[in-house]
Amino acid sequence: MMNKKKLSIIAFSGDFDKLTAVFTLATGAAAVGYEVNLFFTFWGLDAIKQKRGRAPLGGNWLTKLFGVMMGGLSVAPNSRFNFLGIGPKIFRSLMRKNNVATLEELVEAAKALEDIRQALD
């Protein structure tokens, strides 16, 4: 009896480029039969938070500040060349132009793949 190959990925960053790498690896591995486990921690949790967008949530000023800073996938910054938030828009544009899946499309593909869906729901 052969064991199924497994891949575990820790998403510790909320940066656009790093999350794109996480979801590219996850969907690619799942597509070829790997069991994929994603673990989100630290800033990576921003990618899967329930409430999207920037909002001053929380009980004190510090938690409200974090709520404003973390806005989900749509505002995830690049780790380099962010250019005040324009960098991810440039990357998304280039990805669409070159028929490369955007971060949001990769997340949706990951949800569609049975082995990853449970971690993202």
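Let's start with Thr-41, which counts as buried because its relative accessibility is 17%, and the cut-off for buried is under 20%. Keep in mind as you look around that this is a predicted model.

Now look at what surrounds Thr-41 in space. Setting aside neighbours within four places in sequence, Thr-41 is in contact with Ile-10, Ala-11 and Phe-12. Take Ile-10 as an example: 31 residues separate Ile-10 from Thr-41 in sequence, yet their C-alpha atoms are 7.4 Å apart in space.

Next, let's move to a pair of helices. Two packed helices can be described by the angle between their axes and the distance between those axes. Here, helix 1 (residues 16-31) packs with helix 4 (residues 103-112) at an angle of about 35 degrees, and the two axes lie 9 Å apart. The crossing of helix 1 past helix 4 is left-handed. On the helix 1 side, the contact is made by Phe-16, Leu-19, Thr-20, Phe-23, Thr-24 and Thr-27, while helix 4 brings Leu-103, Leu-106, Val-107, Ala-109 and Ala-110. What kinds of residues are these? Eight are nonpolar, three are polar and none is charged.

Finally, pick out Ala-110, a residue of helix 4. Is Ala-110 buried or exposed? Ala-110 counts as buried, because its relative accessibility is 0%. Across in helix 1, Thr-27 also takes part in the contact. Although Ala-110 and Thr-27 are 83 residues apart along the chain, 5.4 Å separates their C-alpha atoms.

Technical notes
Residues numbered from 1 in each chain as written. Predicted model: local features only at pLDDT ≥ 70, side-chain atom pairs only at ≥ 80, totals over all residues. Heavy atoms only, no water. Axes fitted to C-alpha atoms, helices over the stretch in contact; angles between N-to-C directions. Helix = DSSP H or I, 4+ residues; strand = E, 2+ residues; numbered from the N terminus. Left-handed = near helix turned anticlockwise from the far one by under 90°. Contact = heavy atoms within 4.5 Å. Nonpolar A, V, L, I, M, F, W, Y, C, P; charged D, E, K, R; others polar. Buried < 20%, exposed > 50% of the residue type's maximum accessible area, 1.4 Å probe, protein only.
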